[in-house]
Amino acid sequence: MNLLSVENLSKSYGDKQLFSGISFGIEEGQRVALVARNGAGKSTLIRILSGNDIADSGQVTFRNEIRVSFLDQEPAFSPGDNVYQALFHSGNDMQKAISNYEIAIEKHDEEPTAETQKRIEIAMEQVEFHQAWNYESKVKQVLTSLNIHHLEQKVSSLSGGEKKRLALARVLIEEPQLLIMDEPTNHLDLDMIEWLESYFTRNNVSLLLVTHDRYFLDNVCTDILELENSKLYRYQGDYEYFIEKKAEREFNETKELEKANNLFRRELEWVRKMPRARGTKSKSRIEAFNKLNATLSGKKKQSELQLSVKMSRIGGKIFELKKVSKSYGGKVILKNFDYTFKKGERIGIAGKNGVGKTTFLNLLTGAEQADGGKVNIGDTTVIGYYSQKGIEIKNDKRVIEVVRDVGDFIPMADGSKLSASQLLQLFQFSPEMQYTYVSRLSGGEKKRLYLLTVLMKNPNFLILDEPTNDLDLITLSTLEQFLLDFKGCLIIVSHDRYFLNKLADHLFILTGDGNVKMYNGSYTDYREEEKEIKKMENREETKKPLPKTEQTGGTSIRQKPSYKDKFEFENLDKEIEQLEKQKKVLLEHLSNTITNHEEIIRISTELGNTTRLIDEKQMRWLELSELMEEG
């Protein structure tokens with residue numbers, strides 16, 4: 001079933017053509033990634049689909065009566081809304097019942113009284129009346145996984161990352177048939193991203209999303225749309241398939257371009273030599289020349305980021321942290337942390353949102369002071385810091401002026417010098433773009449410009465805080481190559497697992513209680529070990545008997561089930577029944593004569609996950625049933 005059709009869509013801003021006559025469609029069950037260089041028009045296309053921008057020409061058609069939700073890169077909320085109003089903004093009866101129930105539970109957890117218990121009972125009756133228990137279970141799962149609590153808190157008091165998570169929760173709660181998202185993984189920690197991957201692969205949601213996260217793209221998407229040189233190319237497969245086919249296409253285009261260049265030179269010579277007065281035949285040749293010239297202008301080879309700078313000399317003493325402690329209010333970020341950085345170290349920093357990763361980097365750079373301990377920096381250490389906040393760049397400045405404020409030249413490894421203009425060209429800023437005002441750059445282009453100013457300082461100790469946000473895949477891959485060749489110390493905070501795996505030799509995992517766990521190996525290895533440990537703990541936990549009644553003076557004091565236990569127990573039957581139906585459908589699919597290898601793998605993986613969920617919920621049902629009998 002076709003959900004979205006885009007036909008002959010075109011959009012320009014001034015003399016800049018973003019896309020011309022592009023067409024594509026999305027069928028039910030397809031999960032499509034849209035990739036392109038920064039400034040190519042990805043976000044503009046999403047805004048046109050959502051109705052927040054208007055195309056110059058073409059048509060966008062959604063299938064009648066389907067539910068469509070949009071997640072913007074910078075989500076907007078109504079002024080004065082609190083969290084639950086923003087979450088349940090559509091205001092249907094089922095959502096009202098669920099929001100009342102969630103608030104009642106939260107109030108009872110904060111202050112258990114007879115009044116809050118009564119509120120729970122009333123809210124529970126509303127949920128029962130609207131038969132919304134399955135929906136409530138999904139809402140609870142979304143809110144818990146995205147770490148959204150305090151439903152009466154004002155949205156205006158939330159951070160940018162918290163607002164993005166709130167907007168993501170809102171579109172998931174709406175349960176759309178087609179979900180269109182711009183950079184959904186920005187501001188999510190690694191646990192949340194893995195949960196979101198699992199959510200999309202478990203649920204039958206059709207997607208169109210802009211993402212730079214290659215693992216997310218690989219694990220979630222079935223198709224890739226590439227927007228390049230105002231045209232759209234479609235690839236049915238994963239990221240590796242996309243790279244392979246893109247290379248083939250560019251190779252073929254290069255061969256055609258070489259042929260066209262030879263023809264262009266002959267035509268140029270003829271046009272220059274020809275007399276001014278010519279007949280109809282000459283005019284047709286001039287028209288052909290002009291057409292060829294326009295074609296070649298559209299096929300100019302994109303410059304790639306290739307930069308080998310001469311790094312400042314680094315001495316024996318680089319960086320030392322001695323008994324460093326840091327707290328914010330009652331939250332401990334670091335507690336007596338000791339570490340001496342060694343030459344050439346490449347450290348990735350991981351941890352949930354809010355554990356203090358950015359604060360840790362600020363301590364290194366001196367942007368914040370430690371509560372205790374010492375931070376000693378070597379005399380030859382030159383720090384380059386790429387922060388999430390970026391730098392304040394005046395919109396009325398030209399791109400080249402921003403770079404020249406840092407320096408006119410940068411020394412190269414071979415002893416030569418690179419001018420600011422040459423450096424900008426290596427970072428995909430054409431001579432025309434260099435004299436463009438900053439206000440006309442896209443978000444990704446501004447990030448790329450900021451990254452350039454950091455590297456131009458020629459650091460030997462490089463600190464990158466979420467450098468992958470808003471950078472396109474081409475810039476990411478070339479930046480990775482630059483960092484692989486970088487000989488200094490490298491510290492990275494990133495939610496991009498591909499980026500971390502490729503560049504970090506070992507990890508600092510901030511646990512949230514002031515401790516830092518060291519791990520030698522990649523992030524993927526660390527996650528696999530953590531999952532194995534968790535499985536073992538869960539197996540041990542299931543072996544333990546439920547708490548027995550305690551004997552006090554011959555009178556048994558029974559453990560009573562809480563309201564949450566009762567609600568969970570009532571829902572488990574429905575959830576298990578639904579999962580059993582899902583398992584039956586998957587088994588039927590597998591028994592059919594499916595020849596597509598990827599489809600077999602996908603269904604088998606989903607079947608395994610469903611079976612595991614059934615086992616877990618059945619075990620939980622047994623535990624709660626015993627508790628209900630005792631209570």
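A: Start with the side chains of Ser69 and Glu174, which are joined by a polar contact of 2.5 Å. A polar contact is a pair of N or O atoms within 3.5 Å; within protein, one must be able to donate a hydrogen and the other to accept it, and residues adjacent in sequence count only if both atoms are side-chain atoms. This is a predicted model: local features need pLDDT of at least 70, side-chain atom pairs count only at pLDDT 80 or more, and totals for chains, interfaces and linings use all residues. Residues are numbered from 1 along each chain as its sequence is written, and side-chain values use heavy atoms, with hydrogens and water left out.

Q: Where does Ser69 lie?

A: Ser69 is in strand β5, residues 68-71. Strands (E, at least two residues) and helices (H or I, at least four) are DSSP runs, numbered from the N terminus.

Q: Buried or exposed, that Ser69?

A: Ser69 counts as buried because its relative accessibility is 5%. Buried means under 20% relative accessible area, exposed over 50%, partly exposed in between (1.4 Å probe, protein chains only).

Q: What does Ser69 touch?

A: Not counting residues up to four places away in sequence, Ser69 touches Val171, Glu174, Pro176, Leu178, Leu179 and Ile180. Contact means heavy atoms within 4.5 Å.

Q: New topic, the sheet. Which strands form it, and in what order?

A: The order is β14-β17-β18-β12-β19-β20, six strands in an open sheet with mixed pairing. Two strands pair if DSSP finds at least two bridges between them.

Q: Why is one side of β14 and of β20 left without a neighbour?

A: β14 (383-386) and β20 (516-520) stand at the edges, and each has a single partner strand, so one side of each has no neighbour in the sheet.

Q: And β18, how many bridges join β17 to it?

A: Five bridges join β17 (residues 461-465) to β18, and the two run parallel. Leu464 has Ile492 as its bridge partner in β18. Strand β12 (residues 346-350) is also parallel to β18, with four bridges.

Q: Which way do the residues of β18 point?

A: Cys489, Ile491 and Val493 point one way, Leu490 and Ile492 the other, and all are buried. In a regular strand the side chains alternate between the two faces of the sheet.
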